[in-house]
Amino acid sequence: WSEWLGVRHSVMVNSGSSANLLTLAALRELRGDGEVIVPPLTMASPAFVALHAGAIPVFADVHPDTWTLDPEAIARVATPRTRAIIPVALYGLPPDMDPIMDLARKNGWFVLEDDAECFLGYYKGKVAGSIAHASSFSFQSSKHMTSGEGGMVTTDDAELATKIRRMSSLGYGAVSGEAGKSRITRDDIQDPSY
């Protein structure tokens, strides 16, 4: 998956919503009064995961031509408490990511692409899922590629990938980004001192 997208890390989880939640939960700066900008035209998951991660969802409008998050609307609703943006791809169409990433760079915001509906989608020659700080995919039964349920987080950030792996595995310390140590071994789990 990582090779296909051209990213360093892919972390399998149980759903696309979990992919988003674990990614936001790994960001300490969201807790308390941190705000996450989300689109109003999508399922409820982006707003819900912001709440579950201890942040406040803030809705920015979608562009009338693309139905994806409008970068100008993001700028209008942003506040000093804005910490992250979840642009959601709809019907195979990715959002206008360049201006979104420009806003994020200028303001120090984290961007989590939600590409649950954008398998094999491209934005200006880049595959969806390789543009933001992290991206999420869903394999739920109504998605373009399905296993009935499941999700994936992609990122180039090794520390973020390790945090997500640990949270998806009940916080086990043995889970890391090291080759061969992405899951807990039988020896680890059976060790009485583990």
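Student: Of the 194 residues of the chain, what percentage count as buried?

Tutor: A residue is called buried when its relative accessible area is under 20%, exposed when over 50%, and partly exposed in between, using a 1.4 Å probe and protein chains only; here 50% of the 194 residues count as buried. This is a predicted model, in which local features need pLDDT of at least 70 and side-chain atom pairs count only at pLDDT 80 or more, while totals for chains, interfaces and linings use all residues. Residues are numbered from 1 along each chain as its sequence is written, and side-chain values use heavy atoms, with hydrogens and water left out.

Student: In what order do the seven strands of the open sheet stand?

Tutor: Strands (E, at least two residues) and helices (H or I, at least four) are DSSP runs numbered from the N terminus, and two strands pair if DSSP finds at least two bridges between them. In this chain, which has seven helices and nine strands, the order is S1-S9-S8-S5-S4-S2-S3, with mixed pairing. Strand S1 (9–13) and strand S3 (56–59) each have a single partner strand, so one side of each of these edge strands lacks a neighbour in the sheet.

Student: How many bridges join S8 to S9?

Tutor: Strand S8 (residues 134–138) and strand S9 (residues 151–155) run antiparallel and are joined by five bridges, with serine 136 opposite valine 153 in S9.

Student: At what angle do the axes of H2 and H3 cross?

Tutor: Axes are lines fitted to C-alpha atoms, for helices over the stretch in contact, and angles between N-to-C directions run from 0 to 180 degrees. Helix H2 (residues 16–25) and helix H3 (residues 45–52) have axes that cross at roughly 35° and come within 9 Å. Taking contact as heavy atoms within 4.5 Å, Ser17, Asn20, Leu21 and Leu24 in H2 meet Ser45, Val49, Ala50 and His52 in H3.

Student: Where does lysine 124 lie?

Tutor: Lysine 124 is in the loop between S6 and strand S7 (126–127), where this residue, again not a glycine, has a positive phi of about 50°. With 61% relative accessibility, lysine 124 counts as exposed.
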